[in-house]
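Take a moment to look at the picture before reading on.

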Amino acid sequence: MLLWWLLNLIVLSKMEVEADVGAEQISSTSDALFGPLDILLLVALLGVGIWWLIRNRKKSDTLSSNGKSYSIQPTSMTLQTSTENSFIKKLKSSGRSLVVFYGSQTGTGEEFAGRLAKEGIRYRLKGMVADPEECDMEELVTLKTIPNSLAVFCLATYGEGDPTDNAMEFYEWLQSGDADLTGLNYAVFGLGNKTYEHYNQVAIYVDKRLEELGATRVYDLGLGDDDANIEDDFITWKDKFWPAVCDYFGIESTGEDFSMRQYRLIEYKEELPERIYTGEMARLHSLTNQRPPYDAKNPFLAKVKVNRELHKNGDRSCMHIEFDIDGSKMRYDSGDHIAVYPVNNAKLVEEIGRLTNVDLETVFTLLNTDEESSKKHPFPCPTSYRTALTHYLDITMNPRTHVLKELAEYCTDPAEKEKLKLMSSTSPEGKALYHQWIMDDNRTIVHVLEDLPSCKASLDHLCELLPRLQPRYYSISSSPKLYPNTVHITAVLVDYETPTGRRNQGVATSWLAVKQPNPDTEYTVPVFIRKSQFRLPTKPQTPIIMVGPGTGFAPFRGFLQERQFLKDEDKQVGESILYFGCRKRAEDFIYQDELEEYEKKNTVKLHLAFSRDQSNKVYVTHLLEKNLDEIWKVIGENNGHFYVCGDARTMAGDVHKTVLKAIMEKGQLNEQQATAFLKKMETQKRYSADVWS
């Protein structure tokens with residue numbers, strides 16, 4: 001190609017010269033179109049071309065000659081994230097018939113989708129994973145043109161019954177559209193949490209709506225509960241899903257128990273690549289060469305201004321941390337969240353290196369074996385093993401069953417291999433063992449490798465199997481009215497002993513705990529702001545009730561700061577009522593001085609519950625029960641707002657029931673009417689919950 005272009009350039013140049021000479025000269029010039037000089041030029045160009053080809057061939061061979069390169073059969077899995085948004089074209093061009101869409105906020109939905117697509121080949125259904133945000137979802141109407149085609153949706157419910165960010169457009173399309181999906185074969189698995197009111201609402205709606213639009217459900221809706229054991233829920237559903245698919249399409253499983261690598265390893269031993277990632281989320285050097293806008297792929301390095309202890313006594317710790325966001329152009333409102341990108345404990349990283357017998361400084365790349373995939377790497381590559389284990393991989397969560405299944409192949413001890421295989425199976429015995437040995441004993445991948453010494457896992461395989469380390473979200477406990485250039489958070493240090501006698505620590509809180517700023521040392525943390533619907537009323541004179549025990553008080557600190565600010569400007573502010581609870585007044589009454597000062601200024605009315613300061617435990621829900629008149633006065637008579645923040649497992653549900661009781665008894669409504677009243681409050685954002693389990 002290069003020679004052809006150069007040859008044409010010579011010919012065109014001679015033609016231009018010839019066009020300038022007289023007519024009598026053209027004949028003689030054309031007779032000698034290629035003279036001795038031209039031939040010499042062509043020979044020289046040919047030599048340059050051969051040198052160029054050899055040089056580039058050597059460059060491509062460097063990947064193998066400088067290190068190890070494993071040849072692995074390409075997987076049938078792909079991630080649809082390219083600008084080409086036609087998943088139908090991708091399916092047809094690659095001979096695939098299975099597409100698994102995911103709606104994921106933390107990565108679990110994407111992981112489940114990948115596992116389904118990967119297993120499809122076992123049932124003669126080549127599959128790909130697709131992000132609905134990157135696809136033209138209207139193409140679902142034409143999926144039926146592909147024989148034995150099947151669309152599976154792994155969808156998480158997020159917030160107050162909302163779809164995840166990447167599934168929002170698809171969800172809205174289903175709600176507003178009336179596409180004819182006759183002939184579309186589908187199945188849905190939902191990821192939710194039973195402690196939340198809107199348990200798996202997104203998956204339930206999508207499953208029902210697809211049927212309403214004419215699609216055919218191949219297998220029943222699956223619902224995973226993250227509060228219990230979502231891994232168990234998924235494999236139980238999957239174990240019945242595949243036989244149903246085989247029966248529906250009249251196909252049979254190959255019967256092969258396979259292990260397929262999605263990525264091949266390239267290790268750089270001598271000549272290192274120019275681009276090596278050192279912890280960046282996307283853009284190389286983004287943590288040293290900062291430029292806005294800042295988001296999940298481009299976090300801002302915020303300085304830690306303050307890090308102080310809030311608990312007065314006791315063996316627990318609660319931190320008040322202030323981040324400096326001056327110059328970031330990031331803006332926040334009271335009630336928003338700040339996301340923190342943590343790093344894993346250095347000792348755990350070293351331990352994995354020791355257990356796998358790998359030099360953690362080795363630079364490597366994991367390259368997708370599927371050439372059509374636009375997801376070339378599982379995380380930013382090339383990078384070192386140390387960086388991958390420190391910044392990109394979650395090494396502290398309980399490993400899922402598919403990880404244990406892959407690890408079994410590395411065991412040389414038959415008993416240890418059988419143990420891992422049993423735990424990765426769907427048998428009752430296997431599920432029970434997994435729940436006890438992994439979940440109840442709270443084992444991480446480090447603990448598994450320590451307790452099964454014959455399991456000499458390949459570190460690059462672990463890098464492929466382990467999930468991505470996710471940012472941690474914290475309710476912002478400050479108001480931009482007072483602190484436009486700083487963000488405050490309130491975080492309890494997670495630190496506990498497991499049944500095996502090990503000490504487990506929270507990834508983010510243990511990392512933040514040691515960041516104690518002083519005149520000689522400056523600490524920075526990668527952060528970004530996530531907007532929330534947890535908002536103060538538009539009109540300051542609207543009364544509010546806030547229920548926030550423990551660190552659930554965090555967003556309400558910002559609310560009270562804002563209302564105090566408005567009062568100081570002589571603006572009319574509605575009544576603010578706070579229900580706060582903790583164990584002991586003298587131990588964990590956080591921000592006590594601030595709250596008592598607000599109370600003196602009539603900015604807040606306090607209802608305090610100290611559960612262990614008396615023989616009978618008293619919680620915020622007990623205080624709410626005593627104040628049904630007050631609740632109804634605020635939300636029923638004065639059109640006020642009600643907020644709850646904190647534990648979703650018990651507290652939030654009990655508060656919801658109490659509010660419903662107040663509406664029924666004090667509003668004189670029956671249960672159906674009261675439920676409709678509360679539902680309307682939620683729709684109007686007058687009843688808001690920011691809860692976690």
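Two strands count as paired if DSSP finds at least two bridges between them. With that in hand, we can turn to this model, which is predicted.

Let's begin with strand S9 and strand S13 (residues 363–368), which pair in the antiparallel sense over 6 bridges. Strands of a sheet pair through backbone hydrogen bonds, either parallel or antiparallel.

Now step back to the whole sheet. It is open and has 3 strands in the order S9-S13-S14, with antiparallel pairing. Strand S9 (263–268) and strand S14 (383–384) stand at the edges, and each has a single partner strand, so one side of each is left without a neighbour in the sheet.

The largest cavity has a volume of about 70 Å³. Among the residues that line it are Glu111, Asp394, Arg400, His402 and Leu465. Its lining divides into 7 nonpolar, 2 polar and 3 charged residues.

The second largest cavity has a volume of about 40 Å³, and its lining includes Asn229, Asp232, Met423 and Tyr434. Helix H8 (230–249) and helix H13 (428–440) are the elements that give two or more residues to this lining. H13 provides the largest share, 3 residues. By type, the lining of the second largest cavity divides into 3 nonpolar, 3 polar and 2 charged residues.

Notes
Residues are numbered from 1 along each chain as its sequence is written. This is a predicted model: local features need pLDDT of at least 70, side-chain atom pairs count only at pLDDT 80 or more; totals for chains, interfaces and linings use all residues. Side-chain values use heavy atoms; hydrogens and water are left out. Helices (H or I, at least four residues) and strands (E, at least two) are DSSP runs, numbered from the N terminus. On a 1 Å grid over the protein atoms alone, a cavity is a set of points where a 1.4 Å probe fits but cannot get out, and a pocket is an open set with protein on both sides within 12 Å along at least five of seven lines; lining residues have an atom within 4 Å of a point. Grid points are joined across faces, edges and corners, and a volume is the space filled by probe spheres set on the points. Ala, Val, Leu, Ile, Met, Phe, Trp, Tyr, Cys and Pro count as nonpolar, Asp, Glu, Lys and Arg as charged, and the others, Gly among them, as polar.
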